[in-house]
Amino acid sequence: MKIFAIVLLLAAMAVPAGAAVIWNEGINGDLSSSEAAPTSISFGVGTNQILGTINGNPLDRDYITFTIAAGQTLSHLNLIAFSPDNLAFSAFNSGSTSFIPSGGTNGLFLSGIHISAADVSKDLMPFYDTRNVTTNSLASPSLGPGTYCWMIQQTSPVLQSYTVEFVVDGALQTDPQTWGMIKSLYR
């Protein structure tokens, strides 16, 4: 019976986290438009959705910073919604601050791409490797442990709505009390 209880407990802990909306500009407020002070986001293992808007007039960029923990990987960046159909720029860079996209900052990004409504329901991570419009491209369609920034901008005079899913793979963080519960099954 103890073995069954342990297996059941471990199985429950191994189930990946479900899709979670971690930032909705309609509820949480506007994401930072400052490259020097991106909005800090904490991703969990699993799917982490961000719903936002960007505008080309006046120019409004969205900047976030996040950390991928040891043993974890940002494996997918799914474009869930993008309306109206217009071209936008999106990029990753290392560190907790970012850059204003320009010819002078082009090489500072890890990779940048153009996205449109044709990319809805696609994983954008491979595009940062194969479809980059910046000097650099990602070496592989994922990001390992470290601190990064992601930004998106619309330079046309339209209000652009988007929904993206950052998918983090890796070990789930376990509450120390969980191990106490497992140990108590052996007593």
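**Group meeting: a walk through a predicted chain**

At 3% relative accessibility, Asp119 counts as buried, where buried means under 20% relative accessible area, exposed means over 50%, and partly exposed lies in between, with a 1.4 Å probe and protein chains only. I start with this residue because Asp119 forms a salt bridge with Arg131, the closest N and O atoms being 2.7 Å apart, and the term stands for a side-chain nitrogen of Lys or Arg within 4 Å of a carboxyl oxygen of Asp or Glu. Residues are numbered from 1 along each chain as its sequence is written, and side-chain values use heavy atoms, with hydrogens and water left out.

How many salt bridges does a search of the whole structure find? The search finds 1. The pair links distant parts of the chain, with Arg131 in the loop between α3 and β8 and Asp119 in the loop between β7 and α3, 12 residues apart.

Let me step back to the whole chain. There are 4 helices and 9 strands, both taken as DSSP runs numbered from the N terminus, with helices being H or I of at least four residues and strands being E of at least two. From the N terminus on, the order of the elements is α-β-α-β-β-β-β-β-β-α-β-β-α. Of the 187 residues in the chain, 41% are buried. If we take contacts, meaning heavy atoms within 4.5 Å, with a separation of 6 or more, then 78% of them are between residues 24 or more positions apart.

The element I would look at next is strand β3, residues 46–56, in which 9 of the 11 residues are buried, so the strand is largely enclosed by the rest of the structure. Which strands pair with it, if pairing requires that DSSP finds at least two bridges between two strands? Strand β1, residues 20–24, pairs with β3 in the parallel sense over 4 bridges, and here Asn24 has Leu51 of β3 as its bridge partner. Strand β9, residues 159–170, runs antiparallel to β3 and is joined to it by 10 bridges, with Thr53 standing opposite Ser161 of β9. Strand β4, residues 59–68, is also antiparallel to β3, over 2 bridges; Gly56 has Leu59 of β4 as its bridge partner, and a hairpin of 2 residues connects β3 to β4.

Now the nonpolar interior. A nonpolar core is a set of buried Ala, Val, Leu, Ile, Met, Phe, Trp, Tyr and Cys residues joined through side-chain atoms within 4.5 Å, and the largest one has 30 residues, with Phe66, Phe92, Trp150 and Phe166 having the most contacts inside it. At least two residues of this core come from each of β3, β4, β5 (72–83), β6 (88–94), β7 (111–115), α3 (127–130), β8 (146–153) and β9. Apart from it lies another core, of 5 residues, among them Tyr63, Phe89, Ala91 and Met151. Returning to Phe166, and leaving aside its neighbours within four places in sequence, its contacts include Phe43, Ile50, Phe66, Phe92 and Trp150.

A second case is Ser32, in the loop between α2 (25–28) and β2 (39–40), which counts as buried at 15% relative accessibility and whose side chain reaches the backbone oxygen of Ala37 at 2.7 Å.

Conventions:
This is a predicted model: local features need pLDDT of at least 70, side-chain atom pairs count only at pLDDT 80 or more; totals for chains, interfaces and linings use all residues. Two strands pair if DSSP finds at least two bridges between them. A polar contact is a pair of N or O atoms within 3.5 Å; within protein, one must be able to donate a hydrogen and the other to accept it, and residues adjacent in sequence count only if both atoms are side-chain atoms.
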